[in-house]
Amino acid sequence: HNRILIVEPDVTYGGVGAEIAATLAQEFVGIQIKRLGAPLETIPAAMSLHSQMIPNKEQILHALTSEW
């Protein structure tokens, strides 16, 4: 199975990950693409809160092991 997980520290809507996903989908027929990013909310300026918005190890592992 050809699978890829694109993780980015920004929202997935209209970001760099979207362009990567679109390019891969055009180039590799049948590839399964999953994207993980920050929630579609305002990113806080405080670093302690900002770091909670960015995908962490647990979220990445869950995305990799959950149903595609």
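Rings of Phe, Tyr and Trp (for Trp, its six-membered ring) pair if their centres lie within 6.5 Å, with planes under 30 degrees apart counted as stacked, over 60 as edge-to-face and the rest as tilted. By this rule the count comes to zero aromatic pairs. The model is predicted: local features need pLDDT of at least 70, side-chain atom pairs count only at pLDDT 80 or more, and totals for chains, interfaces and linings use all residues. Residues are numbered from 1 along each chain as its sequence is written, and side-chain values use heavy atoms, with hydrogens and water left out.

**Overall layout**

- The chain has three helices and two strands, where helices (H or I, at least four residues) and strands (E, at least two) are DSSP runs numbered from the N terminus.
- Read from the N terminus on, the order of the elements is β-α-β-α-α.
- Along the principal axes, the C-alpha atoms fill a box of roughly 40 × 25 × 15 Å.
- Of the 68 residues in the chain, 24% are buried; buried means under 20% relative accessible area, exposed over 50% and partly exposed in between, with a 1.4 Å probe and protein chains only.
- Contact means heavy atoms within 4.5 Å. Among contacts between residues at least 6 apart in sequence, 61% join residues at least 24 apart.

- For charge, Lys and Arg count as positive and Asp and Glu as negative, while His and the chain ends are not counted. A salt bridge is a side-chain nitrogen of Lys or Arg within 4 Å of a carboxyl oxygen of Asp or Glu.
- Lys34 belongs to strand β2 (residues 32-38). Lys34 is buried without a salt bridge, and the nearest side chain of opposite charge, Glu67, is 8.7 Å away.
- The charged end of Lys34 sits over the ring of Trp68, 4.6 Å from its centre; the rule asks for NZ of Lys or CZ of Arg within 6 Å of the ring centre and within 35 degrees of the ring normal.
- Leaving out residues up to four places away in sequence, Lys34 touches Ile4, Leu5, Ile6, Ala63, Ser66, Glu67 and Trp68.
- Glu8 is part of strand β1 (residues 3-11). Glu8 is also buried with no salt bridge, and Arg35, the nearest side chain of opposite charge, is 4.1 Å away.
- The side chain of Glu8 reaches the backbone nitrogen of Gly17 at 3.4 Å.
- With residues up to four places away in sequence not counted, the residues that Glu8 touches include Gly15, Gly17, Arg35, Gly37 and Pro55.

**Helix α1**

- Thr23 is located in helix α1 (residues 16-27). Because its relative accessible area is 41%, Thr23 is partly exposed.
- Thr23 and Arg3 are 20 residues apart along the chain, and their C-alpha atoms are separated by 14 Å.
- Ala22 also lies in helix α1 and is partly exposed, because its relative accessible area is 37%.
- The C-alpha atoms of Ala22 and Ile33, eleven residues apart along the chain, lie 9.4 Å from each other.

- Ala45 falls in the loop between β2 and α2 (47-53). Its relative accessible area is 75%, so Ala45 is exposed.
- From C-alpha to C-alpha, Ala45 and Glu58 are 23 Å apart in space and 13 residues apart in sequence.
- Gln52 is in helix α2, and its relative accessible area of 61% is why Gln52 is exposed.
- Between the C-alpha atoms of Gln52 and Leu36 there are 14 Å, with 16 residues separating the two along the chain.

Technical notes. Polar contact = N/O pair within 3.5 Å; in protein donor to acceptor, adjacent residues only side chain to side chain.
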